[in-house]
Amino acid sequence: MADAITIVRPYAVAAFRLAKEKKTLPKWSEMLDFAAAVALDPQMKAVIDNPKVVAGDLERLFLSVCEKKLDKAGENMVKLLVEYGRLALLPEVAQAFEELKAQDEGMLEAEITAAVKPSDSEVKALVKRLESKFGKKIEASVKVDPEIIGGIKIVIGDTVIDASVRGQLQELAYALKG
Amino acid sequence: MQLSTSEISELIKSRLENFSTSAEARTQGTVISVTDGIVRIHGLSNAMAGEMIEFPGNTFGLALNLERDSVGAVVMGDYEHITEGDTCKCTGRILEVPVGPELIGRVVNALGQPIDGKGPVNAKMTDKVEKVAPGVIARKSVSQPVQTGLKSIDSMVPVGRGQRELIIGDRQTGKTAVAVDTIINQKGQNMTCIYVAIGQKASTIANVVRKLEENGAMAYTIVVAAAASDSAALQFLAPYAGCTMGEYFRDRGEDALIVYDDLTKQAIAYRQISLLLRRPPGREAYPGDVFYIHSRLLERAARVNEDYVEKFTKGKVKGKTGSLTALPVIETAAGDVSAFVPTNVISITDGQIFLETDLFNAGIRPAINAGISVSRVGGAAQTKVIKKLGGGVRLALAQYRELAAFAQFASDLDEATRKQLDRGRMFTELMKQAQYAPLSISDMALTLLAANKGYFDDVPVARALAFEAALHSFMHSKYKNLMDKIETTKDLGGDDEKAVEAAIQDFKANNAY
């Protein structure tokens with residue numbers, strides 16, 4: 001995973017900078033999203049991974065599938081990825097692009113896990129507190145997982161705020177073991 | 001393992017009292033790969049260099065490589081249960097080990113956990129493993145002696161408190177024996193000893209501990225053991241952990257002695273970690289910073305001045321200097337001191353004791369090569385009486401070596417040359433000493449005086465050590481006051497010298513040996 005992000009970053013950063021310059025961020029986001037979906041298609045995947053397919057054919061095939069969805073720059077992006085043999089990494093490029101976009105817009109994605117489904121007002125209050133803590137807009141997704149027994153667990157990027165009963169029991173176990 | 005129930009309950013009670021259930025934000029990462037104890041982690045963007053990383057199953061690692069998208073960490077202990085995709089957390093702590101007098105008499109691993117089956121250590125304090133050595137202002141020059149109890153070392157290569165004296169030699173030349181004898185001789189010398197065993201066989205470590213116990217040396221000794229079967233990370237960390245335990249005493253105005261046995265193995269462990277972390281290899285495949293791992297370790301052995309101690313203890317200890325003396329051990333291959341690690345450590349330390357296979361096999365034990373063994377600062381710290389009497393030893397041995405090579409070709413020698421040869425032969429014999437039998441200052445002074453004044457001249461070389469032993473026991477029984485006086489004053493005035501000479505004459509006239 002870390003290796004992929006290292007390879008993918010230059011493509012994503014280049015696309016992001018170009019999009020920002022031309023003020024076409026939503027369009028780019030859409031294009032990459034679509035192209036990523038195409039690249040993830042099992043049939044397409046088989047073609048991409050097939051070493052017998054010539055680069056030119058792959059390029060033509062991919063672009064014909066995407067049809068009118070890509071503009072000139074988008075097509076060039078696909079051509080470039082094909083030329084360097086990185087087409088298989090398109091989904092990661094799209095993901096990295098979205099991350100850069102979110103960062104630029106001051107957005108953070110938060111994954112909230114709770115043992116029982118929290119009410120909307122609870123989530124709202126929580127998001128508000130998180131926003132004041134991180135100083136950024138929070139886009140929350142709520143997951144229900146009875147495994148954590150009680151309480152909540154929030155994952156924002158690398159940071160984890162673990163207030164679940166399960167996590168606390170684990171802490172207690174470590175503390176007692178010394 | 002013996003544990004009383006009340007002790008356990010108390011322990012749990014205090015832990016429960018101190019346990020807080022507050023939710024804290026921690027940075028989390030995902031394990032990408034586990035290879036030979038090296039874990040690559042995605043995420044952990046806030047990890048510090050040298051920070052402890054917590055893995056599932058109460059396992060900890062040390063973050064060594066901080067890269068753009070990943071962190072390279074080395075696992076301390078078992079890593080078999082860590083798998084790809086496991087989550088791990090930053091702890092926000094730099095690695096620490098327990099320190100304090102509670103550790104004395106214990107055998108612990110590189111993390112300070114007891115491995116001698118005598119229950120928990122109960123140390124009240126912990127301290128960081130990696131610390132920066134005291135600066136120039138905090139230091140004081142070396143001026144107090146460390147008595148090793150070995151005639152050859154105390155007279156020719158004296159070691160001072162706060163000095164770093166390297167013990168170097170091939171395998172099986174008695175390096176550990178010199179170090180262990182030195183520890184044994186520290187009884188009643190206000191010295192806390194730390195023996196760090198790195199990469200040795202567990203049976204060898206057990207033997208050393210047993211010998212220390214038999215000689216009553218565990219009463220003031222801490223053993224830090226990272227055996228050959230322990231992970232490379234622990235072998236790499238053990239010297240730093242031991243050093244931190246020694247610094248506790250140094251910083252509080254006490255004296256401590258630390259033996260690193262041996263640093264070659266530590267360098268090898270570090271090489272393994274570095275290569276697995278894909279750091280570029282250099283000479284002999286060691287990484288570029290192999291000099292620094294030893295220099296930063298040995299710089300921490302120092303003598304600190306009164307001001308430093310007073311400031312450190314916040315005025316509780318006044319007017320006392322502290323010291324940490326280091327005796328690093330390096331094993332050479334076939335006497336090759338120009339290999340990478342030996343040259344490094346030779347250049348870092350304040351002198352070296354060379355042990356040679358040829359001498360060892362010739363029965364000269366400790367097998368010290370007097371010609372190339374030096375002490376760069378110890379002379380200022382040598383005990384007065386030994387300094388006065390031992391000055392001639394090095395000279396006599398140097399002249400002897402020169403003549404002995406020359407005399408092999410000459411059939412008959414003149415009187416002066418023959419005398420010098422005899423004298424050199426006698427001194428070589430007298431520098432021999434049995435293991436686990438360190439000598440007191442008075443005994444050593446007595447031998448040196450007798451040799452200097454020529455009382456050994458009519459003794460056959462083969463009987464010299466027997467003569468010496470008999471002389472020591474005679475003097476202790478008949479001239480106890482005189483010997484005690486030398487022992488306490490550590491000096492030999494003109495009158496005392498005459499008295500000792502008279503006593504030796506008395507011994508020679510009335511005793512068989």
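A residue counts as buried if 20 or more other C-beta atoms lie within 10 Å of its own, as exposed if 12 or fewer do, and as partly exposed in between. The model is a predicted one, and the values below are computed from it.

Most residues other than glycine have a negative phi, and most peptide bonds are trans. B:Asp36 sits in the loop that runs between strand S1 (25-35) and strand S2 (38-43) of chain B. Because B:Asp36 has 13 C-beta neighbours inside 10 Å, it counts as partly exposed.

B:Ala285, also not a glycine, has a positive phi of about 65 degrees. Its place is the loop between H6 and helix H7 (290-299) of chain B. B:Ala285 has 13 C-beta neighbours inside 10 Å, so it too is classed as partly exposed.

Two cis peptide bonds can be described as well. One of them joins B:Asp261 and B:Asp262, with omega at about -5 degrees. B:Asp262 belongs to the loop between strand S15 (255-261) and helix H6 (263-276) of chain B. The other cis bond leads from B:Arg365 to B:Pro366 and has an omega near 0 degrees. B:Pro366 lies in the loop between helix H10 (357-361) and strand S19 (374-375) of chain B.

| Site | Feature | Angle |
|---|---|---|
| B:Ala285 | positive phi | about 65 degrees |
| B:Asp261 and B:Asp262 | cis peptide bond | omega about -5 degrees |
| B:Arg365 to B:Pro366 | cis peptide bond | omega near 0 degrees |

**A pair of helices in chain B**

How do the axes of helix H13 and helix H14 of chain B cross? The axes of H13 (residues 441-452) and H14 (residues 464-478) come within 10 Å, and the crossing angle is roughly 125 degrees. H13(B) is therefore oblique to H14(B). The crossing of H13(B) past H14(B) is right-handed. On the H13(B) side the contact is formed by B:Asp443, B:Leu446, B:Thr447 and B:Ala450, and on the H14(B) side by B:Glu468, B:Leu471, B:His472 and B:Met475. Four of the residues in the contact of H13(B) with H14(B) are nonpolar, two are polar and two are charged.

**Chain B as a whole**

Chain B contains 16 helices and 19 strands. The C-alpha atoms of chain B fill a box of roughly 85 × 55 × 45 Å along the principal axes. Buried residues amount to 46% of the 513 residues in chain B. Of the contacts in chain B between residues at least 6 apart in sequence, 73% link residues at least 24 apart.

**Chain A as a whole**

Chain A has eight helices and four strands. Their order from the N terminus is α-α-α-α-α-α-β-α-β-β-β-α. The radius of gyration of chain A is 21 Å, whereas a compact globule of 178 residues would have one near 16 Å. Along the principal axes, the C-alpha atoms of chain A fill a box of roughly 60 × 35 × 30 Å. Of the 178 residues in chain A, 21% are buried. Among contacts in chain A with a separation of 6 or more, 66% are between residues 24 or more positions apart.

Notes
Residues numbered from 1 in each chain as written. Chains lettered and ligands numbered in written order. Predicted model: local features only at pLDDT ≥ 70, side-chain atom pairs only at ≥ 80, totals over all residues. Helix = DSSP H or I, 4+ residues; strand = E, 2+ residues; numbered from the N terminus. Rg over C-alpha atoms; globule rule 2.2 N^0.38 Å. Contact = placed C-beta atoms within 7 Å. Axes fitted to C-alpha atoms, helices over the stretch in contact; angles between N-to-C directions. Parallel < 35°, antiparallel > 145°, perpendicular 65-115°, else oblique. Left-handed = near helix turned anticlockwise from the far one by under 90°. Nonpolar A, V, L, I, M, F, W, Y, C, P; charged D, E, K, R; others polar.
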